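Subject: Structure handover

Hello,

Please find the structure below. My notes on it follow.

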Amino acid sequence: MSRSERDGFQELLVWQKARHLTRAIYESSRDSALGRDLGLASQMQRAAVSIMANVAEGSERGPREFARFLSIAQGSCAELRSHLVVANDIGYLNTSGFETLDNMAVEIGRMLAGLRASVIRRIDSSNTSRESIDK
């Protein structure tokens, strides 16, 4: 088994970026006011981890399920962005920290949307090809 076969989802750029975002979320809650708010910090961490996990799990399934898991990852990304706004609004994150994390999440959200659209196009193309063969 080659490395790329063994590490499938880890080769996806969106998963790699989600991994970096997750690490940044955990680091931002270490030794800070955010870290003392266990509820919000935990919600942010779970949302970030959910992005990674859904990309990984979906990539190991068929195209239709992959598209669905990418949609779930997009929802987790939006959830994280909402939590970031709260953390910024109540002073747990300074403007620079908020903007850095939010920009990372926005980029990942766009990547998820693009990958999902690509997977759906592939599904549609495959269905069109099968229909022409059946006729």
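Which residue just after α5 takes a positive phi? Gly 91 does, at about 85°.

First, the basis of the values. This is a predicted model, in which local features need pLDDT of at least 70, side-chain atom pairs count only at pLDDT 80 or more, and totals for chains, interfaces and linings use all residues. Residues are numbered from 1 along each chain as its sequence is written, and side-chain values use heavy atoms, with hydrogens and water left out.

Overall make-up. The protein has six helices and zero strands, in the order α-α-α-α-α-α along the sequence. Helices (H or I, at least four residues) and strands (E, at least two) are DSSP runs, numbered from the N terminus. Of the 135 residues, 34% are buried; buried means under 20% relative accessible area, exposed over 50%, and partly exposed in between (1.4 Å probe, protein chains only). The protein exposes about 7900 Å², with 49% of it supplied by carbon and sulfur atoms; the areas come from the Shrake-Rupley method with a 1.4 Å probe, and for residues only the protein chains shown count as cover. Among contacts (heavy atoms within 4.5 Å) with a separation of 6 or more, 69% join residues 24 or more positions apart.

Helix α5. This helix covers residues 63–89, and its 27 residues should span 39 Å at 1.5 Å a residue, which agrees with end C-alpha atoms 39 Å apart. The expected span is 1.5 Å times one less than the number of residues. Its buried residues include Phe 66, Leu 70, Cys 77, Leu 80 and His 83.

Core. A nonpolar core is a set of buried Ala, Val, Leu, Ile, Met, Phe, Trp, Tyr and Cys residues joined through side-chain atoms within 4.5 Å. The largest one has 32 residues, and Ile 51, Leu 80 and Leu 112 have the most contacts inside it. Two or more residues each come from α2 (13–28), α4 (38–59), α5 and α6 (95–134); α4 gives the most, with nine. Beyond its neighbours within four places in sequence, Leu 112 is in contact with Val 14, Ile 51, Val 55, Leu 70, Ala 73, Gln 74 and Cys 77.

Aromatic rings. A search of the whole structure finds one pair. The ring centres of Phe 9 and Trp 15 are 5.1 Å apart and the planes lie at 70°, so the pair is edge-to-face. Rings of Phe, Tyr and Trp (its six-membered ring) pair if their centres lie within 6.5 Å; planes under 30 degrees apart count as stacked, over 60 as edge-to-face and the rest as tilted. Phe 9 is partly exposed at 21% relative accessibility, whereas Trp 15 is buried at 8%.

Regards
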